[in-house]
Amino acid sequence: MLSKEKTKLIMEKALKYKDTPAPFGEDINLEEYVIKEGGKSINSFSELDEEYIKKLETVGIDSNEENTQGTYLQVDNKAVYSKISSKIEMMPISEALEKYDLDEYIWNIVDIKDKYTARVALELTEGFFIRVPKGVKETIPLQTCLLIGEESSSQNVHNIIIVEEDAELNVITGCTTSPHVKSGLHIGVSEFYVGKNGKLTYTMIHDWGKNVHVRPRTAIKLEENAQYISNYVIVSEVKSVQSYPTAFCDGDNSSATFQTISYGKGDSVMDMGSRVVLNGKGSKCEMVSRNIVVDNAKNIARGHLIGNAEDIKGHLECRGLILSDNALLHAIPELEATKANLDLSHEAAVGKIAEDQLMYLMSRGLTEDEATSLIIKGFLSVDITGLPPKLAKTVSKIMEMTLDAL
């Protein structure tokens, strides 16, 4: 539960910002999207139609639950399924609020400062709560799925993950829509806490509809020697995405890694990036993004490194391919330093497919379309670093499957 003081503060901020547009991304008329509770609860994936299972599999959700530590499925604003088979604790955030005092975790590192965060604070909201006890290390992934189930639904989500000292957690999150849904709004607030010597790997595969707006609001707090690795993949058409997660490397020798793959097509508008604030001595970060735009798509790729301590190291790498004269790709790397003894760097490049590469592949018997597809897949492929071998194989398989659908 939340204290009366915390609840009052949340309500005051939410009412203050309920009509405030976000500083980045397209503005959305929230009144066009209805807040619905969601579908009926299920006892196992076997109760889902084959059409739904195939849809979930496209975003990395394994219907064979023996391959995972647990599964959380939310449809619109209702947790319809939650099962865990390890020492990890997982439940809907509504249950966690009844069971625990969450004042220090709810709206602590994500602030209410626009109409989207205000809607999550004010309206019907669900999400997952995951806690990994001290010393528990799980390399087999836990999977979560956030699904928009009805047309023009507003899905409001608040997630909390707590990885305690010397613990480890790997999460695969798939976000998508029901097969018949074409439009909707997803607002996802996520606050992740990684304790001393802890490690959290968070892999997101998104497959939204062509008329779906997506507004994630994510922050991560890292203590001493803690690690956070984020892998984000979106290669399907979407109406708009505006995402700018922030990692606070507060502990000495903490580290954050963001790896992003995006393929904008149709009329998609993607304003995405990440920010890392290096506050701990010896902390470090790496941001790598691969972005492609075609048709009339627009992609703004942001990256911001802030160095507030000595002996820190950070690197930002952004590469993009523009495949249409009607598309737009805008890279915005930022470096900000407040100390003398640090090392921050960035590199950004935007271009087209190299003609010599295309001609070489065609000379080996590929058609122009086949050669172009192969070059695109190679460009979007990045090495997934820092994962246990078994998990790395699982994540690579999911990403290969996603790219094969291009």
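Colleague: Why is serine 289 called buried?

Modeller: Serine 289 has a relative accessible area of 12%. Buried means under 20%, exposed over 50%, and partly exposed in between (1.4 Å probe, protein chains only). So 12% makes serine 289 buried. This is a predicted model: local features need pLDDT of at least 70, side-chain atom pairs count only at pLDDT 80 or more, and totals for chains, interfaces and linings use all residues. Residues are numbered from 1 along each chain as its sequence is written, and side-chain values use heavy atoms, with hydrogens and water left out.

Colleague: Which residues is serine 289 in contact with, leaving aside neighbours within four places in sequence?

Modeller: They are Thr260, Glu317, Cys318 and Arg319. Contact means heavy atoms within 4.5 Å. Serine 289 itself lies in strand 16, residues 284-293. Strands (E, at least two residues) and helices (H or I, at least four) are DSSP runs, numbered from the N terminus.

Colleague: Why does glutamate 370 count as partly exposed?

Modeller: Its relative accessibility is 43%. That value falls between 20% and 50%, so glutamate 370 is partly exposed. Glutamate 370 lies in helix 6.

Colleague: Which residues form the negative surface patch?

Modeller: Glu355, Asp356, Glu368, Asp369 and Glu370 form it. Helix 5 (355-363) and helix 6 (368-380) each give two or more residues to the patch. The largest share, 3 residues, comes from helix 6.

Key. Patches are made of residues with over 30% relative accessible area and no salt bridge: like charges are joined within 9 Å, nonpolar side chains (Val, Leu, Ile, Met, Phe, Trp, Tyr) within 5 Å. Accessible areas come from the Shrake-Rupley method with a 1.4 Å probe; for residues, only the protein chains shown count as cover. A salt bridge is a side-chain nitrogen of Lys or Arg within 4 Å of a carboxyl oxygen of Asp or Glu. Lys and Arg count as positive and Asp and Glu as negative; His and the chain ends are not counted. The place of a charge is taken as NZ of Lys, CZ of Arg, CG of Asp or CD of Glu.
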